[in-house]
Amino acid sequence: MKTDIEIAQETSMQPIGEVAAAYGIEADELELYGKYKAKLSDGLWERIKDRPDGKLVLVTAINPTPAGEGKTTTTIGLGEAFGRMGVKAMLALREPSLGPCFGIKGGAAGGGYAQVVPMEDLNLHFTGDFHAITSANNLLAALLDNHIQQGNSLGIDPRQVLWKRCEDMNDRALRNIVIGLGAKADGMVREDHFVITVASEIMAILCLADNMEDLKERLGRIIVAYNFAGQPVTAKDLKAVGAMAALLKDALKPNLIQTLEHTGAIVHGGPFANIAHGCNSVRATRMALKLGDITVTEAGFGADLGAEKFLDIKCRMAGLKPDAVVLVATVRALKYNGGVPKDKLGEENLEALKRGIVNLEKHIENIQKYHVPVIVTLNSFTSDTEEEYAYIKQFCERQGCEFALSEVWAKGGEGGIELAKKVLDTLEHKPSRFQVLYPDALGLKDKIQTIAREIYGADDVSYSPAAAKALKNIEAMGFGNLPVCMAKTQYSLSDDQTKLGRPTGFTVNVRDAYVSAGAGFVVALTGSIMTMPGLPRVPAAEGIDVDKNGQITGLF
């Protein structure tokens with residue numbers, strides 16, 4: 001069986017200008033990065049911004065398991081299926097982080113015959129957006145420490161520096177560090193920290209900014225520290241905004257590539273959904289809505305994280321209204337939620353399936369709380385049985401959902417025709433009446449409580465003294481009207497990754513909170529979630545290589 005990278009490397013790609021032309025994009029509206037990648041110009045947006053929007057379809061999933069769900073693969077395959085049916089569809093996806101590529105999860109280009117290409121470029125340096133974000137983040141950190149060193153006219157309290165450096169790599173040794181060691185000229189000694197680039201506020205800002213003016217306004221609002229009087233100090237106070245914006249000038253423009261079947265894919269931004277808001281950029285989604293009759297986008301991890309943040313943060317801020325949600329599951333993942341060990345998932349087990357399907361049930365209920373129609377799709381495996389399919393189909397239909405089998409990994413767009421037809425039928429006959437889960441005016445603790453109870457199924461929420469104090473201070477500073485971005489394990493509906501299925505009788509534990517004033521949301525850290533992941537015992541990096549001809553192997 002061919003690997004994903006082998007399939008991608010054997011594909012004959014179209015020059016990106018030809019892909020763009022199929023969507024009415026003119027040659028001078030592309031900024032080329034070689035033959036197969038391009039950035040979309042601000043001029044293109046100005047030309048198309050007054051067009052009516054197409055339909056917006058969000059793809060999400062159940063909680064991820066070691067068995068794999070294939071959410072991105074399904075998203076790409078659905079776009080390819082629309083293309084085969086003569087429907088003008090555009091994909092809007094996130095860029096992969098190097099951390100998972102070299103860690104355990106792999107890249108984010110899809111899989112099998114439902115991939116975006118060039119696969120190696122996308123999974124590695126792509127067009128340099130993440131490097132620009134990392135540089136802007138660390139420039140602000142350098143300016144902050146330099147200001148303290150050069151007299152500290154803003155009265156910054158070194159014990160209350162909030163801004164962290166970042167790196168787009170899983171590097172646990174950088175979570176907690178000490179800087180300024182050495183001579184007096186080497187800076188003030190203090191504790192510092194790193195986050196992974198995809199969890200940085202700069203990433204969130206880039207993904208939520210409307211344009212350069214909005215980007216600069218948001219950058220200026222970043223709270224980097226408190227002064228000795230307890231007042232916030234911002235990036236604007238440090239005169240950092242102009243230089244940061246200069247680094248981000250090109251990164252702000254969305255990127256265009258293609259699927260294996262030459263469907264257009266706008267790929268831009270990449271915040272994680274477990275520790276950030278998990279959605280591609282607002283600019284990319286808006287541009288896709290103007291260029292295609294249907295935009296297919298995705299949000300990270302399960303619906304309890306990515307979809308909730310897409311609906312309650314991104315849609316709230318950008319005024320987007322999804323028309324349908326595709327919820328991805330697999331027979332294997334449902335059996336895993338039912339207690340079957342990973343090495344036994346290929347065996348038919350209807351009893352375990354019945355126990356584990358409650359995870360899917362909860363995600364269906366959650367999406368329905370937003371009054372958006374749901375289509376459940378099963379990403380098929382050869383070990384699945386007809387009896388298992390029949391049970392899941394009947395279960396979904398009892399929940400008021402459409403159901404379709406997806407075979408896009410093996411068959412590309414052809415394997416997504418059944419799903420595409422269900423989506424089209426839903427768009428035509430089941431209108432969306434989208435509404436967010438909670439109002440802006442609700443207090444921060446009440447927002448957290450609403451998400452924990454309504455989406456996770458928790459009985460209650462507990463707060464550490466640090467979290468309670470932080471939330472009180474955030475509201476006192478005037479940020480109580482912001483939405484909440486929950487940082488939580490992706491593996492469970494609860495904040496304990498060992499609780500599979502549909503846990504009940506649990507309390508969500510909020511250990512800390514902080515405001516991302518530039519991004520425009522408040523982050524609540526739950527359980528033991530880390531903002532700088534670590535590498536596994538056997539990192540994927542050990543299997544990646546490049547031969548004498550420059551051919552990369554081992555990426556997945």
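K71 sits in helix α4. The structure is a predicted model.

**Helix α4**

- Of the 14 residues in α4, 12 are buried, so the helix is mostly covered, with buried meaning under 20% relative accessible area.
- The buried residues of α4 are K71, T72, T73, T74, T75, I76, G77, L78, G79, E80, A81 and F82.
- The 14 residues of α4 should span 20 Å at 1.5 Å a residue, and this agrees with the 20 Å between its end C-alpha atoms.
- G86 follows α4 and has a positive phi, near 80 degrees.

**Listed binding site**

- The unreviewed UniProt entry lists T65, P66, A67, G68, E69, G70, K71 and T72 under "binding site".
- K71 has a relative accessible area of 11%, and because this is under 20%, K71 counts as buried.
- Apart from neighbours within four places in sequence, K71 is in contact with V59, T60, A61, R94, E298, A299, G300, F301 and V328.
- A67 is placed in the loop between β3 (55-61) and α4 (71-84).
- A67 is buried because its relative accessibility is 11%, under the 20% cut-off.
- Not counting residues up to four places away in sequence, A67 touches R332, A333, L345 and F381.

**The cavity**

- The model has 1 cavity of 30 Å³ or more.
- The largest cavity holds about 90 Å³ of space.
- Its lining is made up of E95, P96, S97, L98, L122, L124, H125, F126, D129, F130, H131 and D168.
- Helix α7 (residues 129-149) gives the largest share of the lining of the largest cavity, with 3 residues.
- By class, the lining of the largest cavity has 6 nonpolar, 3 polar and 3 charged residues.

**The second largest pocket**

- The volume of the second largest pocket is about 1,300 Å³.
- A total of 46 residues line the second largest pocket, and L162, K164, D512, A513 and Y514 are the ones that lie nearest its centre.
- At least two lining residues each come from β7 (156-161), β10 (190-192), β11 (194-196), α8 (201-208), β12 (223-227), α19 (465-476), β22 (507-516) and β23 (521-526).
- Strand β22 provides 6 residues, the largest share of the lining of the second largest pocket.
- The lining of the second largest pocket divides into 26 nonpolar, 10 polar and 10 charged residues.

**I529**

- I529 lies in the loop between β23 and β24 (545-546).
- At a relative accessibility of 10%, I529 is under the 20% cut-off and therefore counts as buried.
- With neighbours within four places in sequence left aside, I529 is in contact with N274, I275, A487, K488, T489 and R511.
- I529 and I48 are 481 residues apart along the chain, and their C-alpha atoms are separated by 41 Å.

Definitions and conventions: Residues numbered from 1 in each chain as written. Predicted model: local features only at pLDDT ≥ 70, side-chain atom pairs only at ≥ 80, totals over all residues. Heavy atoms only, no water. 1 Å grid on protein atoms, 1.4 Å probe; cavity = no way out; pocket = protein on both sides within 12 Å on 5 of 7 lines; lining within 4 Å. Points joined across faces, edges and corners; volume = space filled by probe spheres on them. Helix = DSSP H or I, 4+ residues; strand = E, 2+ residues; numbered from the N terminus. Nonpolar A, V, L, I, M, F, W, Y, C, P; charged D, E, K, R; others polar. UniProt positions renumbered as here; feature names shortened; annotations may be inferred. Buried < 20%, exposed > 50% of the residue type's maximum accessible area, 1.4 Å probe, protein only. Contact = heavy atoms within 4.5 Å. Expected span 1.5 Å × (residues − 1).
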